Amino acid sequence: MSSDPAREPARFDRGHTDDLMTFLAASPSPYHAVATAAERLDEAGFRQVEETAEWDGTAGGKYVLRGGAIIAWYVPEGTAPNTPFRIVGAHTDSPNLRVKPRPDSGAHGWRQLAVEIYGGPLLNSWLDRDLGLAGRLTLRDGSERLVNVDRPLLRVPQLAIHLDRQVNEGLKLERQRHMQPIWGLGSDVREGDLVRFLAEEDGLDADAVLGWDLMVHSVEPPAYLGRDRELLAAPRLDNLLSVHACTAALTAVATSGGTPAAIPVMAAFDHEENGSESDTGAQGPLLGTVLERSVFARGGGYEDRARAFAGTVCLSSDVGHAVHPNYAERHDPTHHPRPNGGPILKVNVNQRYSTDGGGRAVFAAACEEAGVPWQSFVSNNDMPCGTTIGPITAARHGIRTVDIGVACLSMHSARELCGADDPYLLANALVAFLK
């Protein structure tokens, strides 16, 4: 990378968080998230390459789209085939309610939608909240159309306290009976009502729609919170905060005019919230295939591929837990990550997170280079630890992987909370890592 300050990637500030709010509002589904990221890559001079096409070894920024996943990378001029990669990994999906194959239902004069629970949401956070509907429609000709009804359309109504006097002593929600949203009145529920409604909204012929992947989302926009606007309340911080940060960091490095020592990559996968086992998830071959094809397109062979992977490092960026002031006993007593304290390094010796001492050094060096403070996170020994795409990436591809993220509250809620400075502190650290 050039040492000329005029050519260094721009340092992010609170304007990055403002832009994150725009990104979140435009991305109510994984499909919208990758489309929004792709638009930003296009603006930075990247170009989409099709998986079914023959790839060339030309320099520049490129990306692959597959469903709710996107892999993007930047190859400087004259890059050798055995050049290692520097990867930032994230995921595009969030826990929510997703529409079933036969969605039209209802009872007692209410029109309802049949939904399935995706991932591990805080179910109560979806109650009595104005909800929209978004996702993709697959048409008869095989093409896909993104849809987004971003207005109050649905609601999962809570039972009145008069009908459950013990509710404040412990709310119990049955996923099948209690989480089906209403979206109107009427006793003549007809199969196809939802598809007809969405087709009309998007100017389509309902008969042309053969498939759909649809999910509900809160229509309340992201907002600054607190006396000094030092907090950010928003949906899908887990994990579009990281997707946005790595998109911004990659484009900053690619447009800086320098020559990175490694090939910078962003890898945003779908289906992390339910195990990553899909063709667009981190358990699938997508990332490895893209990296290998990049090596081979630049004239490399298996030996070059092996050398490139051996020198590669991945930062798996996902949100983590800030210490909760009302439940501090649930956290490790000596590790209390706080909002606006900088990104967190996530450690678990049982490999639920993939960080080791060498990975810690890589992350610490990037934060030091960026002038960014950072924190450590480990779980309370009496609490089971969550996991990320980090261990999957390390095991599947033999790549050194480090788990990091941003501390937040209300993880897996329909609306989460983080420090307003942490998104841009993370992005600055990612720039230093990628370059």
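Me: How are helices α7 and α9 oriented to each other?
Reply: In this predicted model, helix α7 (residues 357-370) and helix α9 (residues 422-434) pack with their axes 8 Å apart and at an angle of about 110 degrees. Angles of 65 to 115 degrees count as roughly perpendicular. The two helices, α7 and α9, are therefore roughly perpendicular to each other.

Me: Which residues make the contact of α7 with α9, and how do they divide into nonpolar, polar and charged?
Reply: From α7 come Val-362, Ala-366, Cys-367, Glu-369 and Ala-370, and from α9 come Asn-428, Ala-429, Ala-432 and Phe-433. Divided by class, the residues of this contact are 7 nonpolar, 1 polar and 1 charged.

Me: What is the orientation of helix α1 to helix α4?
Reply: The axes of α1 (residues 14-25) and α4 (residues 237-254) come within 10 Å and cross at roughly 120 degrees. Roughly perpendicular covers 65 to 115 degrees, and roughly antiparallel needs over 145. That angle makes α1, relative to α4, oblique.

Me: What classes of residue are found in the contact of α1 with α4?
Reply: Helix α1 contributes His-16, Asp-19, Leu-20, Phe-23 and Leu-24. Helix α4 contributes Leu-237, Leu-240, Leu-241, Val-243, His-244, Ala-245 and Ala-248. By class, these residues are 9 nonpolar, 2 polar and 1 charged.

Me: How far apart in sequence are the parts that the pair of Phe-85 and Phe-309 ties together?
Reply: The rings of Phe-85 and Phe-309 form an edge-to-face pair, 6.5 Å centre to centre with 90 degrees between the planes. Phe-85 belongs to strand β4 (residues 85-91) and Phe-309 to helix α6 (residues 302-310), so the parts tied together are apart in sequence by 224 residues.

Me: Are Phe-85 and Phe-309 buried or exposed?
Reply: A residue counts as buried under 20% relative accessible area. Both Phe-85 and Phe-309 are buried.

Me: What kind of aromatic pair do Phe-363 and Trp-374 form?
Reply: Phe-363 lies in helix α7, and Trp-374 lies in the loop between α7 and β17 (375-377). Planes over 60 degrees apart count as edge-to-face. The ring centres of Phe-363 and Trp-374 are 5.6 Å apart and the planes stand at 75 degrees, so the pair is edge-to-face.

Conventions. Residues numbered from 1 in each chain as written. Predicted model: local features only at pLDDT ≥ 70, side-chain atom pairs only at ≥ 80, totals over all residues. Heavy atoms only, no water. Axes fitted to C-alpha atoms, helices over the stretch in contact; angles between N-to-C directions. Helix = DSSP H or I, 4+ residues; strand = E, 2+ residues; numbered from the N terminus. Parallel < 35°, antiparallel > 145°, perpendicular 65-115°, else oblique. Contact = heavy atoms within 4.5 Å. Nonpolar A, V, L, I, M, F, W, Y, C, P; charged D, E, K, R; others polar. Phe/Tyr/Trp six-rings, centres within 6.5 Å; stacked < 30°, edge-to-face > 60°. Buried < 20%, exposed > 50% of the residue type's maximum accessible area, 1.4 Å probe, protein only.
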